[in-house]
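I opened this notebook to record what I looked up in the model. The entries follow in the order in which I made them.

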Amino acid sequence: MKYNFSSRIRFIYGVIIFISLILIGQLYSMQVVHGDSYRQEAESQYTSSGDVFDRGSIYFTEKDGTPFGAAILQTGYILAINPEHIQNPEVVYDQLSKIIPIDKTAFLKSAEKQNDPYEKITDHIKDTDAEKISKLKIPGVGLYPEKWRFYPGGDTASHILGFVGYQGNTLAGRYGLEQEYNNVLSESGPGIDMNLFAEVFAGNSGTSSPQEGTRKGDVYTTIEPTVENFLENTLKQAKEKWNAETVGGIIMNPKTGEIYAMAAFPQFNPNDYASADISTFKDPLVGSVFEMGSVFKALTMAAALDVGAVTPNTMYDDKGSIIINGARVSNWDFKARGWISMQ
């Protein structure tokens with residue numbers, strides 16, 4: 001009986017020692033033999049710490065009431081490298097440049113920074129290209145999920161929308177609706193680390209963190225896409241025909257005040273605002289002052305005819321200008337025409 005008990009104890013000890021040796025071997029393999037590859041894989045699962053960009057959308061409204069995304073979020077990837085693990089920068093560059101355009105000089109310069117574990121190479125990489133790069137399994141090359149503001153219509157309604165740009169170190173709405181409703185559209189909160197696996201299991205909706213702010217909402221407008229395009233095409237033709245420096249127009253519902261279209265030229269592309277002339281950012285229809293005196297001449301004459309103050313044969317002495325409250329108001333050419341009729 002005692003012999004059987006001792007045998008069982010030795011057997012259990014043997015099993016424990018055997019399992020321990022297996023675990024030690026696995027740990028040695030993971031940490032020593034394959035340590036570098038596992039470390040690279042771990043590094044490729046995280047982005048650098050910083051603000052996670054999230055923002056509500058701006059919608060136009062089609063005639064049937066369907067929302068039309070005018071300012072939305074686009075998803076893709078950032079390509080970055082860890083120079084310490086790049087064995088042959090020339091070869092790596094050749095492999096990557098066959099998939100996406102990369103500046104060779106900048107890439108090789110980044111690959112020289114051996115003490116920097118994260119060197120951003122390019123961004124806004126499409127899912128299909130990211131998949132091709134991932135299949136190459138190049139040591140030291142990482143792909144990181146990102147989101148950015150995207151305007152599907154390009155320069156369409158650019159003055160209405162504005163754009164999202166840096167205000168100091170923070171992305172915020174600049175000009176247009178992006179700026180006016182920045183507090184509604186933007187997400188506030190400290191930066192967190194974004195995990196690739198969390199992105200996958202969350203259906204690309206972002207990580208969940210108690211530090212993460214809550215986006216307040218989207219913005220819906222009465223701008224109708226078809227009407228907006230019609231107005232812009234009409235204004236563009238007028239600008240080319242009359243060689244005008246600036247043209248603009250608004251289409252609205254006179255009964256409700258709803259704006260269906262509003263545009264001014266020259267425009268800019270909010271997807272590439274950095275290359276635009278800063279003078280084009282401000283909407284001249286709402287942000288500038290222009291004294292349209294000739295427009296009011298017709299209104300003044302109509303009112304005078306309506307009350308009988310003048311008739312088509314009434315004469316007046318055009319002296320070219322008058323002084324009102326100390327300010328001189330003149331004809332456009334500063335010329336006097338003498339006695340002329342209302343007509």
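Does threonine 221 count as buried or exposed, and why? I found that threonine 221 counts as buried because its relative accessibility is 13%; buried means under 20% relative accessible area and exposed over 50%, with partly exposed in between (1.4 Å probe, protein chains only).

Basis of the entries. I worked on a predicted model, in which local features need pLDDT of at least 70, side-chain atom pairs count only at pLDDT 80 or more, and totals for chains, interfaces and linings use all residues. Residues are numbered from 1 along each chain as its sequence is written, and side-chain values use heavy atoms, with hydrogens and water left out.

Entry on threonine 221. I located threonine 221 in the loop between strand S7 (219-220) and helix H10 (225-242). Helices (H or I, at least four residues) and strands (E, at least two) are DSSP runs, numbered from the N terminus. Leaving aside residues up to four places away in sequence, threonine 221 touches Ile58, Tyr59, Phe60, Thr61 and Leu177, where contact means heavy atoms within 4.5 Å.

Entry on helix H3. Val92, Tyr93 and Leu96 are buried in helix H3 (residues 89-97). Seen down the axis of H3, the buried residues fall within an arc of 100°, so they line one face of the helix; the arc is that of the directions from the helix axis to the C-beta atoms. I recorded that these buried residues pack against S2, helix H4 (104-111), helix H5 (127-136) and strand S4 (141-150).

Entry on strands S8 and S9. Strand S8 (residues 247-252) pairs with S9 in the antiparallel sense over six bridges; two strands pair if DSSP finds at least two bridges between them. Isoleucine 250 stands opposite methionine 262 in S9. Six residues lie between the two strands of this hairpin, and glycine 257 in the turn has a positive phi of about 80°. In strand S9 (residues 259-265), I found five of the seven residues buried.
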